[in-house]
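Colleague: I have not looked at this one before. Can you walk me through it?

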Amino acid sequence: ISDISQRKESELKLATSEARFQEAQRQAKIGSWERNIVENTEYWSEEIYRLLECDPQQVTPSLESLLSLLSPEEGEKVRSNYQAHLQHQQPYEFVYRLQTPSGRVKYIYDRVEGVFDDQGQPLLTRGTCQDVTETYRYQSILQQLVDGTASVTGDNFFNALVENLSRALEVKYAIVALNHGDFLQTLAWVSDGKLQPNMVYDIEN
């Protein structure tokens, strides 16, 4: 009875630890995978399936399964990076673009390392994947602002800034204003894609 109780307790601790690990990955939007080259098997964590938005009951974890979810161009980048890793035996990291079955575009950061025998033959590779879509979105917005205002100077700068800000953020209004304490004085503002006359806005009233 004691042995059974200890085994049950160990199983419970293991299940609790696994559940905490999976929840931590979900919160961080980080998944892990491992490819056993010798046995030709592969493991994806639950978060990998969530990141890729695919059903673990329908998709078998493998490199080919991942490539089937990517465009030919992105798939070729993933494959060539992986082959170079096996050849040079060096860890690497890169970002690939994924369009999920729901139509959403995601950017996935993947860091890969491998284990090789004394002859340099690969035994297994493992990696972590993270959804960095929001980071890429902010970088894209910043780049749009830089590109749209780089050649603009003088009084036209703020006009160009609010126009590009509205387009980059896909918002109806964009305003640049000076805060004088009890009132705002606009330097430029746009509504529905059109520049508007500057105004003074009484904050207190």
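Modeller: One term before we start: contact means heavy atoms within 4.5 Å. Also, this is a predicted model.

Colleague: Fine. Which strands does helix H5 lie across?

Modeller: Helix H5, residues 133-149, lies across S3, S4 and S5. Its direction runs at about 125° to S4.

Colleague: And what is the order of the strands in the sheet?

Modeller: The order is S2-S1-S5-S4-S3. It is an open sheet of 5 strands, and the pairing is antiparallel.

Colleague: Which strands stand at the edges?

Modeller: Strand S2 (41-44) and strand S3 (92-99) do. Each has a single partner strand, so one side of each is left without a neighbour in the sheet.

Colleague: How are neighbouring strands turned against each other?

Modeller: By 20° on average, with direction ignored.

Colleague: Back to the pairing. How many bridges join S1 to S5?

Modeller: There are 7 bridges between strand S1 (residues 30-36) and strand S5 (residues 122-131), and the two run antiparallel. As one example, Ser-32 has Thr-128 in S5 as its bridge partner.

Colleague: Where does helix H4 pack?

Modeller: Helix H4, residues 72-88, packs on the sheet and touches S1, S3, strand S4 (105-116) and S5. The direction of H4 makes about 160° with that of S3.

Colleague: Changing topic: pockets. How much space lies in the largest pocket?

Modeller: About 350 Å³. The lining of the largest pocket has 16 residues, and Arg-104, Lys-106, Asp-131, Thr-133 and Glu-134 are the ones nearest its centre.

Colleague: Which element gives the most to that lining?

Modeller: H5 does, with 5 residues. Helix H2 (46-52), S4 and H5 each supply at least two residues.

Colleague: What classes do the lining residues of the largest pocket divide into?

Modeller: There are 9 charged, 5 nonpolar and 2 polar residues.

Colleague: What about the second largest pocket, what volume does it have?

Modeller: About 170 Å³. S1, S2 and helix H3 (63-68) each supply at least two residues of its lining.

Colleague: Which residues line the second largest pocket?

Modeller: Among them are Arg-35, Asn-36, Asn-40, Thr-41, Glu-42, Leu-63, Glu-64 and Tyr-82. By class, this lining has 4 nonpolar, 4 polar and 3 charged residues.

Notes:
Residues are numbered from 1 along each chain as its sequence is written. This is a predicted model: local features need pLDDT of at least 70, side-chain atom pairs count only at pLDDT 80 or more; totals for chains, interfaces and linings use all residues. Side-chain values use heavy atoms; hydrogens and water are left out. Two strands pair if DSSP finds at least two bridges between them. Helices (H or I, at least four residues) and strands (E, at least two) are DSSP runs, numbered from the N terminus. Axes are lines fitted to C-alpha atoms, for helices over the stretch in contact, and angles run from 0 to 180 degrees between N-to-C directions. On a 1 Å grid over the protein atoms alone, a cavity is a set of points where a 1.4 Å probe fits but cannot get out, and a pocket is an open set with protein on both sides within 12 Å along at least five of seven lines; lining residues have an atom within 4 Å of a point. Grid points are joined across faces, edges and corners, and a volume is the space filled by probe spheres set on the points. Ala, Val, Leu, Ile, Met, Phe, Trp, Tyr, Cys and Pro count as nonpolar, Asp, Glu, Lys and Arg as charged, and the others, Gly among them, as polar.
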